[in-house]
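Biologist: I would like to learn how to read helix packing and sheet order. Please take me through an example.

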Amino acid sequence: MENEKIGTAVVITSGKGGVGKTTTTANIGTGLAILGKSVVVVDSDIGLRNLDVVMGLENRIVYDIVDVVEKNCRLKQGLIRDKRYDKLYLLPAAQTKDKSAVKPEQMLELVNNLKKEFDYVIIDSPAGIEQGFQNSIAGADMAIIVTTPEISAVRDADRVIGLLEAKGLQDPRLVINRIRPEMVKRGDMMNIDDIIDILAIDLLGIVPDDEAIVISTNKGEPVVIEEKAMSGKAFRNITRRIIGEEVELLDLDSNDEGKFTKILKLLFGK
Amino acid sequence: MKDDVITFKGVKEGIFIDIKSGNLHLVKEELDEKLKDSIVFFQGAKLLGVRGRNLSHMEINEIKSIIKDKYNLSISEEGLPEYLNEEDILDDLKESFNNPLADNDIFQGIEEGMTKFINGTLRSGQVVEYSGNIVIVGDVNPGALIKAKGNIVVLGTLRGVAHAGIDGNLEAIVAAYNLQPTQLRIADKIARPPDENIISYKLPEVAKVHGGEVMIEPYLPKK
């Protein structure tokens, strides 16, 4: 370890379950690796692990985060290299233990060790605000809050932002997931401005509701790889903003795909 | 790590040199370093001899002559006390327990032996571990883990992880009515399905170790 790195640890959290934390983690991790960064994605959802499945790496797991923390194996043995990108690694959660298997101090030590080896340590937080959440934020330098345009998800996001501030994690950034532009237009869905107005944090990106996500999740291939998918483009933009590039917000109304279908409709009258 | 190469041990008869390493070159180097620093101490002590489990008699004699000639230390005539040899055997036994692949104490009951039956489906996060064979009358879902010292038989679909022969029996098998595991392990061998989609045969299959690798074949090939 001649040239020790000092990477950045980013926790992806939301409070509410099912808003897309794991999907966001997999896509940001993969997206950063595509941009040439060395990345480790850490699943801190002990007992309900998913990140390995979403990344398509489940069948490679031999050791997990609890084995690493309890020193049953070396850190290197616990890391699983991604099958597509050499610079991307996964540290899976244990499935047969529960959240109390790891303490915040151990998590802090682990994340600090990982920061010496990687440019980015992306931590997938479990739902809730109990010990699993406390573990996931223990070593983080920065937080990304994922929410959906629903009042319940926004309420939970607000609570989590407060908890993060209390722990000294300032200026979290927001990802609004699963936006349906036609519903927003009709006034049936909260729009981006409403959400920002309540949460009052910087917007990192917006991701449209997209069938491609379901397909890619089931295939174990993050959608960020998909050139054509709108959601893939959204995640590519988000990763570029994370490394400091200025990228305009995705215009969900006039995307290329939309234009193309419109032309098709005109031509074929469907 | 270097400390493990040579240690000076005291017993009531005197002191002796305990050598763990089998690398003569390394041992000589280490011996020089240790004796140089504390030669005065050893001049006054009664040196009983040299114990080196991983060294030949010739090599031990070579080390003894270095001690005598180069450092002018005398080695007592009575040699190492008897009980030190017994200690050797005990240490060896301990080592074989720590090494799961030593032949003498791995589970042998795969032809006929203790068996645990599980009625029902094993779900994600559930672990079954047994020092014998395991039979599951049900399915094993992804995220579940079965660990047996002997064979594993699933009378349903195996989708989770199965580890047969956990203490080193390479003859152990994993058989399932429908074998679609996340991962299969037999003794110290680990296998996983290929990343490309594979055609499943819809036949009961069995996994065993052939030539150092886990192989899967139908066990009712005529059906």
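**Helices on a sheet**

Modeller: Helix α9 (residues 192-199) of chain A lies across β6, β7 (173-179) and β8 of chain A, at about 145° to β7(A). Helices (H or I, at least four residues) and strands (E, at least two) are DSSP runs, numbered from the N terminus. This is a predicted model: local features need pLDDT of at least 70, side-chain atom pairs count only at pLDDT 80 or more, and totals for chains, interfaces and linings use all residues. Residues are numbered from 1 along each chain as its sequence is written, chains are lettered from A and ligands numbered from 1 in the order in which they are written, and side-chain values use heavy atoms, with hydrogens and water left out.

Biologist: At what angle do α7(A) and α9(A) pack?

Modeller: Two packed helices are described by the angle between their axes and the distance between the axes. Axes are lines fitted to C-alpha atoms, for helices over the stretch in contact; angles run from 0 to 180 degrees between N-to-C directions. Here α7(A) and α9(A) pack at about 30°, axes 10 Å apart.

Biologist: Which residues of α7(A) meet α9(A)?

Modeller: Contact means heavy atoms within 4.5 Å. Val154(A), Ala157(A), Asp158(A) and Ile161(A) of α7(A) meet Ile195(A), Ile198(A) and Leu199(A) of α9(A).

Biologist: In what order do the eight strands lie?

Modeller: Two strands pair if DSSP finds at least two bridges between them. The open, mixed sheet of chain A runs β3-β4-β2-β5-β1-β6-β7-β8. Its edge strands are β3 (80-81) and β8 (202-208), each pairing on one side only. Parallel strands β1 (residues 8-13) and β6 (residues 142-147) of chain A are joined by four bridges. Val11(A) stands opposite Ala143(A) in β6(A).
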